[in-house]
Amino acid sequence: MTINEIQDDIVSEFSEIDDWMDRYGMIIDLGNTLPPIDEKYRNPDHIIEGCQSRVWLNAELTDEGRVHYTADSDAIIVKGIISLLIKVLDNQTPDDILNADLHFIDDIGLSEHLSPTRSNGLLAMLKQMRLYALAFKASQQS
């Protein structure tokens with residue numbers, strides 16, 4: 001699936017729920033389905049700077065030229081947020097990740113329902129995911 005198709009699915013899922021407490025529940029549930037990150041990536045090198053909670057993120061380039069992300073967090077809402085980002089960006093090409101307009105964040109109302117510190121964390125997570133994609137793109141060109 002393309003990034004936009006995945007985003008459209010997420011927007012559709014969230015549009016069925018009006019109450020933001022229930023939407024937070026969906027986000028938490030999504031975080032609970034996130035596969036555990038390998039313990040070797042639970043270290044300071046993989047912590048995302050700018051997040052109030054601890055978030056570990058790793059990315060690998062597959063043989064097919066797609067980026068595979070794994071992550072974890074010590075906060076349940078944040079774990080759900082990184083799960084949403086992984087759901088959209090995982091298994092995409094570096095170019096697709098770098099060129100993606102992640103409209104779903106605004107479309108589902110997430111940005112307006114996060115505290116300023118969580119919004120900053122969301123931006124930091126997204127920035128780190130894009131930095132991985134940029135590094136992989138550069139490595140493919142050399």
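Okay, let's start with the largest pocket, which has a volume of about 150 Å³. Keep in mind that this is a predicted model. The lining of that pocket comes to 13 residues, and Leu-34, Pro-35, Tyr-69, Ile-86 and Asp-90 are the ones nearest its centre. Which element gives the most to it? That's strand S2, with 4 residues. S2 spans 67-73, and both S2 and H3 supply at least two lining residues each.

Now over to helix H1, residues 3-15. H1 has 13 residues and reaches 18 Å from first C-alpha to last, close to the 18 Å you'd expect at 1.5 Å a residue. Buried in H1 are Ile-3, Ile-6, Gln-7, Ile-10 and Phe-14. If you look down the axis of H1, those buried residues fall within an arc of 100°, so they line one face of the helix.

Last one: Asp-101, which sits in the loop between H4 and H5. Is Asp-101 buried or exposed? Exposed, with a relative accessible area of 55%, since the cut-off for exposed is over 50%. Leaving aside residues up to four places away in sequence, Asp-101 touches Asn-4 and Gln-7. Asp-101 and Gln-7 are 94 residues apart in sequence, yet 9.8 Å apart in space, C-alpha to C-alpha.

Definitions and conventions. Residues are numbered from 1 along each chain as its sequence is written. This is a predicted model: local features need pLDDT of at least 70, side-chain atom pairs count only at pLDDT 80 or more; totals for chains, interfaces and linings use all residues. Side-chain values use heavy atoms; hydrogens and water are left out. The expected span of a helix is 1.5 Å times one less than its number of residues. Buried means under 20% relative accessible area, exposed over 50%, partly exposed in between (1.4 Å probe, protein chains only). The arc is that of the directions from the helix axis to the C-beta atoms. On a 1 Å grid over the protein atoms alone, a cavity is a set of points where a 1.4 Å probe fits but cannot get out, and a pocket is an open set with protein on both sides within 12 Å along at least five of seven lines; lining residues have an atom within 4 Å of a point. Grid points are joined across faces, edges and corners, and a volume is the space filled by probe spheres set on the points. Contact means heavy atoms within 4.5 Å.
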